Amino acid sequence: MTKTDTTAFEQALAVGRPPNIKTLFPHSRALIVSGKAIDRAMLKKGKAMTIAANSRSNAVLRGALLAAQKADAAIIVEIARSESNYCNVTLWNIARQADQAMNELGITVPVAIHADHYGIKKPGDVAEAQSEIPTLFEAGITSIAIDASHLPDEENLLANIALAPYVPGWAGYETEVGEIKGKSGLSTPDEALFLIRGLNANGIHPDWIALNNGTTHGIEASATGIQVGLTAEIHQALAPYGLSGAQHGTSGNASDKLKEIAAQTRTTKANVATALQMIAWGVAVNDYGNAIMDTAGAFIKQPGKGLDDALWAEMVGYADGKAIKAGDYKKLNCVFENKILAQPKAVRDRMAGAVAEFVTWLLTDVFNAGGTAPLAIEALLAAGSYDLGPKAGRIENPAEWTREQILERSKSLSHDKGPEGDFDD
């Protein structure tokens with residue numbers, strides 16, 4: 001770093017870390033920040049989005065951080081609520097793991113810690129969430145996605161209104177319309193506007209909106225992928241409200257499609273999960289980030305890459321014995337994380353290194369996020385605070401978006417969302 005960069009970093013450490021991070025890590029040199037700072041950096045550069053690296057394992061987390069440092073990019077590391085049930089990295093320890101790794105590895109770029117897909121699947125889940133969400137921020141989360149997209153539009157909106165007060169005002173906030181489930185039940189501008197207008201009227205200003213714009217989670221089974229035109233249309237309709245896009249299900253989409261999303265929409269956050277897991281393990285993937293299968297439909301483990309071959313064979317044997325299909329290999333993370341951490345350092349380093357190489361390529365050549373770390377720091381220093389505030393003010397009339405009005409307005413929306421989607425992670 002140059003002397004000026006070093007000075008800016010020191011100043012950002014002093015003013016840019018949120019209160020929960022300062023409390024948890026009072027002597028840390030890790031610049032853990034609000035998701036708002038990451039979003040603002042991408043908007044400042046323009047036509048740029050950064051990775052939200054789904055960190056199902058410590059190796060993936062470390063690899064993403066190494067890539068961010070190399071690309072001089074502000075990034076997000078995340079884990080979903082449901083993944084906390086089958087990964088050793090959870091919503092309650094990801095900040096601790098990130099802080100440790102950042103200090104050990106000398107990471108000086110800004111990093112946000114995101115609770116992805118905090119799922120609300122029925123109205124009764126709201127009360128539990130009101131109790132649980134504060135514990136996430138106590139554990140170091142700096143950004144959250146309230147995902148009530150499985151519910152009808154009016155219940156999605158009402159759930160967000162009920163939960164927003166439990167999210168600190170300085171934190172990154174993502175909302176979602178439409179389950180992530182591929183080409184069925186695609187989101188519409190009307191649905192997105194209904195959600196965002198209702199939130200705006202209630203003084204709630206999300207940083208990101210996630211859409212069902214044609215992708216799925218996990219191993220992509222369709223060649224359709226992201227609908228760039230639909231995404232741009234919805235983002236344009238939401239422009240007065242200051243929304244950025246959050247792109248889910250990037251694995252399975254070619255790099256050219258991802259470049260289009262960055263260049264032609266207001267997307268600033270791109271979730272990458274399955275590809276990182278497979279690369280860390282040493283499984284062959286294509287340009288789409290999809291695992292390459294052999295003629296028998298099995299993963300192709302590359303010798304000398306990723307996991308020790310003997311441990312990989314044990315994992316495959318376990319999966320076969322439990323009838324775990326290829327798309328559910330993610331559930332091996334918790335079962336085998338301790339054995340993975342017990343591998344020799346050379347093996348662990350090559351796992352993280354492979355992830356770092358892939359993520360560096362995404363950040364610099366696909367997402368256009370290279371060089372955004374200083375922009376995030378500039379935003380924090382310009383504000384003189386960890387709290388960057390909302391990107392737009394209140395536009396809508398609160399009197400027109402009461403609970404009764406919301407229920408009445410929702411009658412004009414289509415309630416046929418197609419078959420159930422993959423809304424968990």
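Entry 1. I looked up what covers the buried residues of helix α10, and the cover includes α9 (228–237), β8 (244–247), β9 (267–272) and α14 (345–366). I note at the outset that the model is predicted.

Entry 2. Which residues of α10 are buried? I found that helix α10, residues 255–264, has Ser-255, Leu-258, Ile-261 and Ala-262 as its buried residues. Viewed down the axis of α10, these buried residues fall within an arc of 115 degrees, so they line one face of the helix. I recalled the general rule for comparison: an α-helix has 3.6 residues a turn, so residues three or four places apart point the same way. I then turned to the face of α10 directed away from the buried side, where Asp-256 and Gln-264 are exposed.

Entry 3. I next looked up aromatic pairs, of which the structure holds 8. One of them joins Trp-281 and Trp-312; this pair is tilted, with 6.0 Å centre to centre and 50 degrees between the planes. Trp-281 belongs to helix α11 (residues 274–281) and Trp-312 to helix α12 (residues 309–321), so the pair ties together parts that are 31 residues apart in sequence.

Entry 4. Are Trp-281 and Trp-312 buried or exposed? Buried means under 20% relative accessible area. Trp-281 has 2% relative accessibility and therefore counts as buried.

Entry 5. Because Tyr-318 lies in helix α12 and Phe-336 in helix α13 (residues 332–341), the pair ties together parts that are 18 residues apart in sequence. I recorded Tyr-318 as partly exposed, because its relative accessibility is 30%. Phe-336, at 3% relative accessibility, counts as buried.

Entry 6. I also looked up which residues are grouped with Trp-281 in an aromatic cluster. One cluster is formed by Trp-281, Phe-299, Trp-312 and Tyr-329.

Entry 7. Finally, I looked up charges placed over aromatic rings. The ring of Tyr-118 has the charged end of Arg-81 over it, 4.0 Å from the ring centre. I noted likewise that the charged end of Lys-269 sits over the ring of Trp-208, 5.9 Å from its centre.

Definitions and conventions: Residues are numbered from 1 along each chain as its sequence is written. This is a predicted model: local features need pLDDT of at least 70, side-chain atom pairs count only at pLDDT 80 or more; totals for chains, interfaces and linings use all residues. Side-chain values use heavy atoms; hydrogens and water are left out. Buried means under 20% relative accessible area, exposed over 50%, partly exposed in between (1.4 Å probe, protein chains only). Helices (H or I, at least four residues) and strands (E, at least two) are DSSP runs, numbered from the N terminus. The arc is that of the directions from the helix axis to the C-beta atoms. Contact means heavy atoms within 4.5 Å. Rings of Phe, Tyr and Trp (its six-membered ring) pair if their centres lie within 6.5 Å; planes under 30 degrees apart count as stacked, over 60 as edge-to-face and the rest as tilted. A charge sits over a ring if NZ of Lys or CZ of Arg is within 6 Å of the ring centre and within 35 degrees of the ring normal.
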